[in-house]
Amino acid sequence: MRLFRRLAPAAVVLVIAFPTPAVLPSGAEGVRPSPAAPEGLSKLDHLIFVVQENRSFDHYFGTYPGADGIPTKPDGSFSVCIPDPALRRCVRPYHSSNPVNIGGPHGWLPAQADINHGRMDGFVRSVLDSANTRECALHPFRKGCRDKTGPQGQPDVLAYFDRREIPNYWTYADEFVLQDGMFESVDSYSLASHMFLTSAWSATCSDPKDPMSCTSDPRVHKGSMYPWTDMSYLLHEAGVSWAYYVGDGTNLDCATPPCTPIDKRAATGTSWMPIARFLTLRETQQASNIQHTSDFFAAATSGNLPSVAWVIPGHVTSEHPGGGSMKPGYAYVTEAVNAIMQGPDWGATAVFVTWDDWGGFYDHVRPPNVDTCGYGLRVPGLVISPYARQGFIDHQTLSYDSYLKLIEDRFLGGQRLDPMTDGRPDSRPSVRENVPILGDLEEDFDFDQSPRTPLVLSPDNFGTGAAQVGAVPKGPPGAHPMR
């Protein structure tokens, strides 16, 4: 309420007036004040998580300048030496240019063996203990094995790449943000990891319809349904758009995977998409939010990206070791980032690129112990956005839980996957997003800087050592022949 004086012909009259709309200038009828520009995290309307397969931080960025990489001596040589029981000596990490890798076992037991009570020296022993990986470790100089082992005969779990092999990934680190403290949320394999990616928990349930029957389990196996609460439930309740994109060869017509894929090479493995089995998806009728990779590229190109998206590869584009070349996966990630950068949504988007577990590859950093599920070993993490700090190395302790925390802070008003407050109780023992050591992804952004322009890179330069900045890929987004 306001007071003012109005002059009348015969008297001064005190008039009490309630707030009224501003008087518009002549000819400006219908004009309204512009809404306030978004500030801080509100500048990001799209959070996109590109999740690849099975690489450790030291394997991809162990020699990146300024990062917490493979320990060295004053002369620059590696100071670490890993026991090799087959060769009866210790062996060191080595540079490789081979895009076809064997890797090592990467379940819960191998994680404990690799970490070895914090010594971080069990990686070769784990290879020898696995029937799938030990052949070349036992006979490193045999024909067919020589190109898959190092100069000392060591298995390729000790191999590392650098700018010569993966120039695009290193260029993203140069120009945007590299995270050298990103740990897999769980010390286990892909299924448990992907459970954490969308629900902050990995569990086994005695009753697949009762979330109170579940207990923490990093060694979880494929089940019929997962009844505890996942992020899709909170997003649905808040009316926030989301999508989970999987390989084009995946059969989306099955009510409950697994089922016969359309194309096995281009399909996403069932361990990489447990979201399809969450009971919440059935309760909220959101199964149609699981879509194909081609739908992602179409959404990015047309400016119709959802607020939250997970982008999961098919087998051939996954970078998963133990099979074919990683080149198609490297190209696919570049294409995905290019599509976002060249689309209308780039100015309000943050892209997070990571790998779902360490794949048996060496990493020297002991994971923090936050509960019975983890953390697991370090994996690479990249943040690409118009508001990402340039050339910033984030040394905070992070995990996939930090992704969920960011989603909650941006779109859910800070609501957590907390059984006490989220409206759908389950038996999880802790709220992972609130673990005290977990860093804050907002530190990776400078929302006061001028928005960064797109950095389009060629997807076909693996092993060239040059990122070819400004090169436009042939064909439309997603047109790489190996996708």
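Predicted model: local features only at pLDDT ≥ 70, side-chain atom pairs only at ≥ 80, totals over all residues.
# Why is it called that?

Me: What makes the link between the side chains of H364 and D58 a polar contact?
Reply: The two side chains are joined at 2.8 Å. A polar contact is a pair of N or O atoms within 3.5 Å, where within protein one must be able to donate a hydrogen and the other to accept it, and residues adjacent in sequence count only if both atoms are side-chain atoms.

Me: Why is H364 called buried?
Reply: Its relative accessibility is 17%. Buried means under 20% relative accessible area, exposed over 50%, and partly exposed in between (1.4 Å probe, protein chains only), so H364 counts as buried.

Me: What makes D401 and R432 a salt bridge?
Reply: Their side chains meet at 2.8 Å, N to O. A salt bridge needs a side-chain nitrogen of Lys or Arg within 4 Å of a carboxyl oxygen of Asp or Glu, so this pair qualifies. D401 lies in helix 11 and R432 in the segment after helix 11, so the pair ties together parts that are 31 residues apart in sequence. (Helices are DSSP runs of H or I, at least four residues, and strands are runs of E, at least two, numbered from the N terminus.)

Me: Are D401 and R432 buried or exposed?
Reply: D401 has 0% relative accessibility, so D401 counts as buried. R432 has 1%, so R432 counts as buried too.

Me: How do you know that R416 and D409 pair up, and which label does D409 get?
Reply: Their side chains meet in a salt bridge at 2.9 Å, N to O. R416 is buried, with a relative accessible area of 13%. D409 has 25% relative accessibility, so D409 counts as partly exposed.

Me: What makes helix 6 mostly covered?
Reply: In helix 6 (residues 190-199), 10 of its 10 residues are buried. Among them are L191, F196 and L197. Just after helix 6, A200 takes a positive phi of about 60°.

Key: Residues numbered from 1 in each chain as written. Heavy atoms only, no water.
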